[in-house]
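Thanks for stopping by to talk through this model. Shall we take it one question at a time?

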Amino acid sequence: MVSREDEIRLNELENQVDNGGGGTWEYLCLLRKLKLRRSDKVLTHGLSLLNDPKKRSALAAEEWTLYEQVAVAAMDCQNFGVAKDCLNVLQNKFPESKRVGRLEAMLLEAKGSWAEAEKAYSSLLEDNPLDQAVHKRRVAMAKSQGNISGAIEWLNKYLDIFMADHDAWRELAEIYVSQQMYKQAAFCYEELILAQPTIPLYHLAYADVLYTLGGLENFQAAKKYYASTIDLTGGKNVRALYGICLCTYAIGQLSKGRNKEDKDGSELQSLAATALEKDYKYRAAGKLSILTSTLRGLKL
Amino acid sequence: MKRSISGESMQLCTVHTSAVNGILIGRLSAVNDVVEISDSIPLFHSQIGLLPSLEIALMMVEEYFSEKGLSIVGYFHANERFDDVELSNVAKNIGDHIHRYFPQASLLLLDNKKLEALSKGNDRSPVMQLYSKDSSRSWKLVGADGSSRLTTREPSANIVLLDYISSKKWEDLVDFDDHLDDISKDWLNPELFK
């Protein structure tokens with residue numbers, strides 16, 4: 001979840017760096033802070049910094065962080081030569097380091113040497129059973145090998161210990177969705193909403209899962225969470241506005257003949273439809289007529 | 001099929017860290033029972049198993065193309081992992097959903113390995129696998145000797161695709177997910193192949 005300002009700054013820097021305008025270190029720091037995956041760029045630009053002795057020494061102690069960042073990016077791009085080179089530098093500088101040990105295990109993982117990587121991670125965990133990063137690498141490895149049930153099991157075990165790790169809950173929810181295990185995904189989003197009730201992303205994702213599960217109660221609940229998303233985002237979230245329209249229609253289909261929900265439901269749907277039409281008129285006028293026909297199809 | 005293949009495969013390159021999917025547009029040719037795929041709309045690169053955005057996408061895509069005498073003729077899917085060659089349940093379910101609208105609908109699964117091998121060989125065959133629904137109502141892989149075949153209209157399709165990949169054209173591709181995040185982005189990608 002990247003804020004608007006961060007996204008703007010990131011794009012600015014990326015443009016600048018791609019066109020040789022400097023700001024590489026700031027760009028790389030921002031990527032690290034936002035935990036974004038742009039490994040090809042990190043590799044290219046990070047390497048150019050590292051290969052320039054003057055720029056490297058200007059980094060002082062941060063030099064080692066850069067080696068780490070480039071090593072991981074290299075692994076992601078399957079460039080094992082560069083990864084190994086970076087690792088060698090770090091090994092020389094920090095011979096007994098657990099952090100470097102983790103990178104070594106990651107390199108094994110990146111190369112697909114699953115058994116050796118597993119051994120390395122297990123031994124790291126023996127020394128430090130609370131190393132969150134290593135726990136998560138194990139989940140990632142299971143995923144890479146296509147062992148989704150293994151990944152789910154490991155991730156659940158991880159969350160038993162580190163139940164405040166919101167990223168992990170999100171990852172688990174997304175894995176459940178990819179396996180169409182919607183009830184389990186719903187549970188994850190419920191945990192997230194309990195922990196951080198003002199984050200609209202969780203309300204939206206929860207609503208999407210409820211809608212997918214289907215059934216009158218779930219449609220009604222989904223509608224509430226689309227509504228809270230709209231509340232939390234000042235009415236700007238297009239997906240939530242569409243969600244209201246879809247839910248109202250679905251509820252109407254299921255409760256045909258019963259008059260209870262009609263008035264409330266249709267008012268909210270009209271408001272959502274109006275908001276969408278207004279937005280499209282200003283920002284996507286070419287699609288306005290398609291939107292209007294689509295919305296017409298969703299009215300009772 | 002030229003534009004079709006390129007569009008879909010490019011979409012894969014855009015977000016190569018997750019599964020992606022798309023809808024195939026075309027028509028049933030009156031002439032010889034051929035389904036001509038003329039276009040494809042890239043759909044999602046996240047949370048593919050969720051219904052709301054899929055339903056909206058299908059409605060809007062159908063609305064747009066029916067005015068042009070075209071309809072949804074199939075579904076395209078690319079798996080997250082390079083070595084995953086299986087048709088997932090999610091892909092099958094979405095395929096089923098589309099099949100209800102268009103009984104001739106087929107399912108295309110990107111062959112990751114073939115895509116990667118493009119730069120090394122002279123393979124002119126499409127980089128995807130064709131699945132169609134058989135009498136048992138399940139999706140079956142169509143072999144080269146089957147009664148259905150997937151062909152590209154232009155023999156140079158793969159060369160064009162390689163070119164698009166190396167020039168990083170995928171960075172400009174807009175899918176439906178991008179549109180929902182920012183409606184000023186156009187899922188029709190009008191400028192992309194000019």
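What follows is a short exchange about this predicted model.

Colleague: Happy to start with chain A. How many Å separate the centres of domain 1 and domain 2 of chain A?
Modeller: The domain assignment places domain 1 at residues 1–95 and domain 2 at 196–300. Taken over C-alpha atoms, the separation between the two centres is 42 Å.

Colleague: Is A:Gly252 buried or exposed?
Modeller: This glycine sits in helix α15 of chain A, which covers residues 238–254. The C-alpha atom of A:Lys299, 47 residues away along the chain, lies 9.0 Å from that of A:Gly252. The cut-off for burial is under 20% relative accessible area. A:Gly252 has 11%, so it counts as buried.

Colleague: Good. Which element gives the largest share of the largest nonpolar core?
Modeller: That core has 105 residues, and those with the most contacts inside it include A:Tyr242, A:Leu276 and B:Phe176. Setting aside neighbours within four places in sequence, A:Leu276 touches A:Tyr242 and A:Cys245, among others. The largest share of the core, ten residues, comes from α15(A).

Colleague: And how many residues are in the second, separate core?
Modeller: Among its members are A:Tyr27, A:Leu66, A:Met75 and A:Leu124. The count for this core is 36 residues.

Technical notes: Residues numbered from 1 in each chain as written. Chains lettered and ligands numbered in written order. Predicted model: local features only at pLDDT ≥ 70, side-chain atom pairs only at ≥ 80, totals over all residues. Heavy atoms only, no water. Domains from an automatic or database assignment. Helix = DSSP H or I, 4+ residues; strand = E, 2+ residues; numbered from the N terminus. Buried < 20%, exposed > 50% of the residue type's maximum accessible area, 1.4 Å probe, protein only. Core = buried A, V, L, I, M, F, W, Y, C linked by side-chain atoms within 4.5 Å. Contact = heavy atoms within 4.5 Å.
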